[in-house]
Amino acid sequence: MFSVKYAVVASMFVVSVADAATADLVSVSALFQSIVAQTDDARLPRPEQTGMQMLGLVMNLTPDEVREALPLAQSCMGSERHAIRVYGIQFMALAAIRADSAELLKPFTADVTALWNEPGEGIRNGAIFILGRANPKPTSEGLAYLTAHLGDESNSPEQVGTIAGAVLSNSPDAETIRRVLAAVRPRHDAESVKAKLIEMLATVGVYSAEALRYIRDGLTDDNRGVNEAAVAAVAGMPKNIRMGYVAELQNLASDAGAPGGLRERARLALSQ
C-alpha cells in the first residue's frame, strides 16, 4: 500500500477530471476531494450517506469513467487515516455491483487485500464483497485469496458464510467443498459457523456426498440454530435427495424437546 500527503491527493483529484468528464465523474471527484480535505474525522459524512450517493454515481459512469474514478478510491485506501480508508473500499464495493466490475477492479486486488486486517468488520466485509462478488465472475486471484483466508479466526460467522458462498458458487466441486469444510471445523466457534455454512451450501445448491453428510449432521446437532438451518436446507432440496433424510426429519418432528416451529418445519419438509 502507499500513502500520500492530502494536498497531493487533492491536486490529483482535480487533474484527473478533464473538461470532457461527465457531471457524474465530476461529482465523484468532488466527493472524494471533500472527504480527503476534511482533517477532522468527526466531521466526515457518515458512510451510510456517502454509500447512497456513491451507488447512484458509480452505476451511471461509463467503463472508462469508472477507470478514472477508481484511482481516487485507491488513494483513499492508501490513506494513513482509517476513517478515510473506509470511503475508498466503500466505493470499490459499490462498483463491484456493476455487470463489468471484475475487469475494472482486478488491477486493485492488492489494494483490497492489503486492508484485510483493518479494525472493525466494515472494511473486511467490503473486501469480501469485492473479491467474491465481482461480475460477471470474480477473478481467480480474488477467489484464491478468499479461500486461503476462509479459516481466519478473525472472521465472524457471517463472514465465513459469505466467503464460503462466494467460493462454492464459483467452484462447487468436491475438492473445494472439502477444503471449505476443513477450514471451518477447527474454529473455536464452529457451532456458530456451522449454521451459516449449511445455509450457504443450500443456497448454492451443493449436493456432493461430503456436503450432504455435513447437512445431515446438522439435523442431529445439539444446537437448535444448526437444526433450523439444516431443516431449511433439506426442505429446499430436490425430492429424490430430500427423501434420504426422512429418518432425521421424523426424529425432529416428533422431538418433544424441540421448539414447536422447528417440529412443524420438519413435518413440512417431510410432506413436500
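**The pocket, the cavity and their neighbours**

Tutor: Let's start with the lining of the largest pocket: by class, it has seven nonpolar, six polar and one charged residues. Here Ala, Val, Leu, Ile, Met, Phe, Trp, Tyr, Cys and Pro count as nonpolar, Asp, Glu, Lys and Arg as charged, and the others, Gly among them, as polar. Before going on, keep in mind that this is a predicted model, where local features need pLDDT of at least 70 and side-chain atom pairs count only at pLDDT 80 or more, while totals for chains, interfaces and linings use all residues. Residues are numbered from 1 along each chain as its sequence is written, and side-chain values use heavy atoms, with hydrogens and water left out.

Back to the pocket. About 170 Å³ of space lies in the largest pocket. On a 1 Å grid over the protein atoms alone, a pocket is an open set of points with protein on both sides within 12 Å along at least five of seven lines, a cavity is a set of points where a 1.4 Å probe fits but cannot get out, and lining residues have an atom within 4 Å of a point. Grid points are joined across faces, edges and corners, and a volume is the space filled by probe spheres set on the points. The lining of the largest pocket holds 14 residues, and those nearest its centre are Ile89, Gln90, Gly122, Ile123 and Gly126. Two helices, α5 (82-95) and α8, each give at least two residues to that lining, with α8 providing the largest share, six residues. Helices are DSSP runs of H or I of at least four residues, strands are E runs of at least two, and both are numbered from the N terminus.

Searching the whole structure turns up two cavities of 30 Å³ or more, and the largest cavity has a volume of about 80 Å³. Its lining consists of Ala102, Leu105, Lys106, Phe108, Thr109, Val112, Ile130, Leu131, Ala134, Pro138, Thr139 and Gly142. The elements that give two or more residues to this cavity lining are α6, α7 (109-113) and α8 (121-133). By class, the cavity lining divides into eight nonpolar, three polar and one charged residues. You'll notice that α8 turns up in the linings of both the largest pocket and the largest cavity.

Ile130 is a handy residue to look at here. Ile130 sits in helix α8 and is one of the residues lining the largest cavity. Ile130 counts as buried because its relative accessibility is 6%, where buried means under 20% relative accessible area, exposed over 50%, and partly exposed in between (1.4 Å probe, protein chains only). Setting aside neighbours within four places in sequence, Ile130 is in contact (heavy atoms within 4.5 Å) with Ile89, Met92, Ala93, Ala96, Leu105 and Val112. One of those partners, Ile89, is also among the residues nearest the centre of the largest pocket.

Next, look at Ser101, in helix α6 (residues 101-105). Ser101 counts as buried because its relative accessibility is 0%. Not counting residues up to four places away in sequence, Ser101 touches Ala95, Ala96, Ala134 and Asn135. A polar atom of the Ser101 side chain also lies 2.8 Å from the backbone oxygen of Ala96. As for Asn135, its peptide bond to Pro136 is cis, with omega near 0 degrees. Pro136 belongs to the loop between α8 and α9 (140-148).

Thr162 lies in helix α10 (residues 157-170), and it counts as partly exposed because its relative accessible area is 31%. Leaving out residues up to four places away in sequence, Thr162 touches Ile128, Arg133 and Met200.

Finally, zoom back out. The protein chain has 17 helices and zero strands, and of its 272 residues, 46% count as buried. Along its principal axes, the C-alpha trace spans about 70 × 35 × 30 Å. Among contacts with a separation of 6 or more, 67% are between residues 24 or more positions apart.

Note on methods: A polar contact is a pair of N or O atoms within 3.5 Å; within protein, one must be able to donate a hydrogen and the other to accept it, and residues adjacent in sequence count only if both atoms are side-chain atoms.
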